[in-house]
Amino acid sequence: MKLTADEQAMLDGKEGPAVQKAMELLVKYGEALGAERLVDTNNVCDANVYSPTPGLPPFDGHDHIFSQMSLDSDEILEIPKVKAFSCQLIGRMDSRHWRLQGIDQTTHDLILESESYNAAHGIQLMNTCTPYQIGNVPVKGEHCAWMESSAVVYINSVLGARSNVEGRESTAAAMLTGKIPYWGYHLESERRGTHYVTIEVPVESFMDWGLLGYFVGQAVGDKVPVIDNVKNSPNLSKLKHFGAAASTSGGVEMYHIPGVTAEARTVEEAFSGNKIYEKFRFGPEERRKVYEDLNRTGRDTNVDLVMLGCPHSSIQQIWEICNLLDGKKVHSNTQLWIFTPHPIRELADRIGYTKILEDAGAVLMSDTCPAIGRFLPKGTKVIATDSAKQVHYLPAIMHVQGWFGSTQDCISAAITGRWKGELQ
Ligand code: F3S
């Protein structure tokens, strides 16, 4: 791989051993990928907060944790402040409701200590899977190094920024060096459409966009779909749901909806001369099949937990949930947990939505989610959610049954304690 003078200097250790180790990692990573060079990045999102996990060895301080877990170094390196603008993604603990999650005081204190270490190194504690909802909104063409598949597919497709789905080590190295291998979705040529999907059924609601996303991921895997025949322009929440679903059932990191997403006004522009490898249609039959697939683990209609906010809810979604609750109370056998970034929770506090939710018996949570934090209310056997991603993961990793439906179906389940969702 060709290195610039500043990259070579870092590799030679001119900026200290931690930066040298980071550059070694990037060079190895880039060479394994066949990248010819690195590219400058000043926008990194990574999950670097430590929380004690069974099986991990004891660590001798946070430099040791960073060295070993983020830079793959056996040596304890002195970690300098980050060079690139860097943000912490979603973590394991809600700063407000950690006791409800079942987190003990020692673990809580260690996580806060790790957060303070990160903050002292210049990492922004955004603690969400949707940094683009709370101020980190990369612009078209901006080279980023982000983890979190739902966020990467959003910034690539909707905003036209450029990132691959990175890992903990590559983002840690990018934070310290301001560099990332120039390959994959950083390249113009990799961003063109490869597969064509035409919609033959109305796709309007939040649920519809999740169904379509899950279908698209199943159909194209990790390729670049072009979605045609979209009649109703989706908003942020719907695109957030669509991308998360497509990156969950497949590995979609980039898509085009001509006239809606950043890089294509027409289908032709989306493919930009690329061959169309395969064509798919999304009609009533495909829609029903995806719905049934997402509900494959649901059997018992008594619902223990309704989970909303995957990816983290926008303020618009919280407003909609408050309206749907309409003064009603959550059933005594059911919990309603809603997840949002912490600055949006603060906004909800100020507007009065947090109080509306709490008066109904719901909890507005931040900084984490059940899939990342691996927590559910004690004794939970059945969950319901309006998120295709969450219903894909929770039954698999937490061994619960899962129902998927509209936000209305979920609120109705929270109020009655029973799942009655149906495909309309
Ligand atoms: Fe975010 Fe957790 Fe869903 S990380 S996308 S709320 S699985």
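Okay, let's start with Glu188, which is partly exposed because its relative accessibility is 48%; here buried means under 20% relative accessible area, exposed over 50%, and partly exposed in between, with a 1.4 Å probe and protein chains only. Its partner in a salt bridge is Arg162, with the closest N and O atoms 2.9 Å apart. By salt bridge I mean a side-chain nitrogen of Lys or Arg within 4 Å of a carboxyl oxygen of Asp or Glu. Arg162, at 12% relative accessibility, is buried.

Quick caveats: this is a predicted model, so local features need pLDDT of at least 70 and side-chain atom pairs count only at pLDDT 80 or more, while totals for chains, interfaces and linings use all residues. Residues are numbered from 1 along each chain as its sequence is written, and side-chain values use heavy atoms, with hydrogens and water left out.

Next pair: Lys389 and Glu148, whose closest N and O atoms are 3.0 Å apart in a salt bridge. Lys389 and Glu148 are both buried.

Then there's Asp326 with Lys328, a salt bridge at 3.9 Å, N to O. Asp326 is exposed at 55%, and Lys328 is partly exposed at 39%. Overall, the count comes to 18 salt bridges.

Now the domains, whose bounds come from an automatic or database assignment. We have domain 1 (5-187), domain 2 (192-293) and domain 3 (297-416). Between domain 1 and domain 3 there are three salt bridges. And Arg96 pairs with Asp349 in a salt bridge, 2.7 Å from N to O. Finally, the C-alpha centres of domain 1 and domain 3 lie 29 Å apart.
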